[in-house]
Each structure stands twice: as structure tokens, then as C-alpha cells.
Amino acid sequence: MEFPGEAADARDASTSPGSPRGTQDQQDDTPRAGERAPRATLHGGTDRSSGNPTPLSVVTAALADAFLTAERWEADDLTAVGYVVVGVERAYVGLAVATALEAYPRPPVDAPRQLAAVLAVAPRLVALHRSREDRRPVRVLGRRATAVRARPETASPLLVDTLPELARALDLTVGRLLWLADTRAWNRRQGPSSPLHHHRHEWITRPGRAPRLLEKPMDMLRRTQRTILDELLTMLPVHDAAHGFVPGRSVVTGAAVHTGQQVVVTADLTTFFASVSAPTVYGVFRAAGFAEPLAHVLTGLCTHRVPVHVLSAMPAGGSPEERHALRQALATAHLPQGAPTSPALANTSLRHLDARLAGWAGAVDAVYTRYADDLTFSGGDRLAARPDAFLRGVDRIVTEQGHRLNPSKTRVRRRGSRQSVTGVVVNERPSPGRREVDRLHAVLHNAAVHGPASQNRSGHPEFRAHLLGRIGWVEQVNPGRARRLREEFARIVW
């Protein structure tokens, strides 16, 4: 089978680290930073094949690349390399240099396309370019390639500079890499039987609530995402408040922080993974040290746009407002629930939210933890005095960070009532809920006496693994009770 973009392998192999070639997300044919312009454009003010003046984007792309090769990020050095590219165009280069220095106090060494875009919308430079088109248009005389940056020896093996290097690190060809990244949204526009789909979709209905969509990556994409997780994402820092999907942390470590407090406040984020958008994920990869084009491709690998035919099959459930918000989130590129990279990327992307909520809690001498989409706060007299006002501040912060709280899941539990954090009771010490453990013990006993099929009332396809998982959860909190549950489990005849 021929994959889209396979024929571009040889062309992309010479891509410079600052070039956007390989992102495959442009919707026009205008050359970008790091791309080779048509020969007629390089040596004249107009494109000889069409008679049109050189587009401003071509000129600013050449200037952006040149500026990033300057020895120092200062006016004299930028002006000198600018003259090499477009000639001694004092006013033109002067405006470009002033715009670059005003926008960037330090050189954006791995963001030439962003720099070019800033130059291309500078009002004075736009006006000057248009005034010159008819009488003496600016010509691009040559190009200067940006240099490859040195990487620390301890950096991730995926932290590379070019698209072919990234493809090799992921054990893919460039064509297959672009096919999986799907940055042009080929997947979303195809029918149910298209080979371009990389995910299987399964709607989960929830009584009285909006349905949930599982987006399970197929084998090749899942293996690629697993490599990204193991070789890169596990090395990225997360906030101390995050306890879900973090090595060495669990529901127990998160709950233990809130033991013996006067009041425990819990809240829940709505459509957790779907609310983490592609621009946010792109920012994670940029902050990790990837140049723009590679960050775009990695974002494409780790996000997903749900095809139209899947959204059309959304089952009933939830209010019209909830369904509309869910459909909008799923239709745009987001973290898919079911991808191995989604939990780690969500934790990393929520560092700013975690920091703000931790600060908000600290202002009333409270503590804060987050397990996936479950937010928990606990404290003494100051928090207990006005939990409603505190929650209004939490809602404001969460909204400003691009998420929403689920009001039906907000709880305020004071001392004297059952204080539970992610299923762990924390009134005096972390412990599993007595009712939950007793119910599980009854299920195991009945399964041993009457057979496991008699207790699998929900038709769970992996009932044995399901019971072991529930026992394992109790074991994290109370090993003694879990030991008795395992003894009962051993009596079941499968």
C-alpha cells in the first residue's frame, strides 16, 4: 500500500531544523521558512512564470532564516545578514530588523516560521512592500540556512533536528510518519471504511450524562505513541500535585495528603482529555525543545479529530449544551481517550493549572492534589468557613485555563461525614470504603459458591481480570483486607 507523503521522503531528507517542511499542514502553495523558492523568484522581484511580484511571505521567510544565522541578536548583525538576502534595502531591512528585535528579546532559534509570520504582518513592512510592488519590488537574492543546535548528551533520543531523523528514531519512513500524523485532517474527511483511519471508536453510554467516546489507536500508531511516551514524555516534569499516571504516585498517595482535615472539597473536570487541544500539546513539544515542524508532526501523532460519521452516531444522553460542547471538542484536534500518550501529555499540559490551583489553595492554608480529572482540596478553619467562595475561585481559574468544572460532581465533606478522595476514605487514615470492600467480598464468595457467571451481571468480557483489578486496588490501601479477598478469589472455579 502506498502511504500519503511516501514520495516526499527524498525531498524531506534535506529539511533544515528550522524549516516547516514536513508539517504538511499548509493549505496553500506559498513557500515557507526554510523552503526553496522557485528559481525565478530567487533571482528577480517577480515570478517570471506568472508575472506576479514576489509575495511578502517569501521575503520574510528568507529574512527570518537569515536573521537566525546572525552571530549576535543585535541590529547591526541582523542588518548585515538582511542585506545579503535582499540587497542594500535600508528601509525594508531596517523595518524587518526593528520588528524582530521588538517581538523577540532573544533569538527564536527553533521558530523561523513564527518569526517569518511576525514579520509578514508588521503593518509598516506590509505597507512598504505593497508600495514597492509596482515600481521596484524587493528581490530575494539568496538564502542562508539556519544551523543545527547542539543537544545535551542526556537529552531524549527523540529530541532531533530534522524530520528524517525523527522518522528513524520512531522506526518509520517519512511517508508513514506523515500518514500517521495526519496534520491535514485526511482522517476526519473519510468514510467509515477508509484506510486512512488510525483509531477505532466506541461510544460508552452513561445514564443521565453525556456519552463518552473511547478513541483506541490502531497497532502502528499505538506502537509509535508508546515510543514517544517511553523515550520522551516520561522525562518531562509534572506538578507535585499530579498523582494520576505518574510513576511512584497513585490514588493512595494523592488521598493521603488529605487525611484528617476539617473539610475536603472535591471537583471534577468535564471532558478531560478532549479539552486538551492541539495548540496546548504543540506547546508541550515546543517547550521540550523541538523545532516548529517537528512539534507539529508530534502533535499530529498524539492528537485526533473524530470523523464526522462517528460524531453522527453519538448515542442519547446529557443536556443539549453538554452534547454540543462534547461534539465541538471531539471535532477539533484533541488528546484521544485511549492513546498511551494522552495521560502524560495531559499532566504536562496542566502544570500551569496545577500551579494556579495550588497557589489558590495555599492562600487559605489548604492543600491541593489532582488525579486525572479529579481535583481535591482540603484544609482547616479558613477553607471550612467559606467553601462556596473558594469554589468560585476554582471555577474561575479552571475556566481561564480552557477547562470546565462538572457542577454535579462538586462535593464539600466536613469532618463527621464520610470524607472520600478518589474512592479512598481519609477521615482518620487512608482506607478503602467498608461498603465497597464488603460488597466485593460478597461477590467473590457468591462466585466461589455459585460460579463466576452468576455474579457477572453486567456481562463484563474479562470478569476474572476485572475482579483481580478491584482486589489490587484494595491492596494498595489495605493489604490485610486484600489478603482475605485473594483467599476468597482462590476458591473460585473458572
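R413 counts as partly exposed, with a relative accessibility of 22%, where partly exposed denotes the range between buried (under 20% relative accessible area) and exposed (over 50%), computed with a 1.4 Å probe and protein chains only. The structure is a predicted model, in which local features need pLDDT of at least 70 and side-chain atom pairs count only at pLDDT 80 or more, while totals for chains, interfaces and linings use all residues. Residues are numbered from 1 along each chain as its sequence is written, and side-chain values use heavy atoms, with hydrogens and water left out.

R413 belongs to strand β8, which spans residues 411-414; helices (H or I, at least four residues) and strands (E, at least two) are DSSP runs numbered from the N terminus. Leaving aside residues up to four places away in sequence, R413 touches Q262, V263, V264, T266, R418, Q419 and S420, a contact being heavy atoms within 4.5 Å. The C-alpha atom of R413 is separated by 6.3 Å from that of V265, although the two residues are 148 apart along the chain.

In the protein, 69% of contacts between residues at least 6 apart in sequence join residues at least 24 apart. The secondary structure comprises 22 helices and 11 strands, and 50% of the 494 residues are buried.

R212 is located in strand β4, residues 209-217. With a relative accessible area of 34%, R212 is likewise partly exposed.
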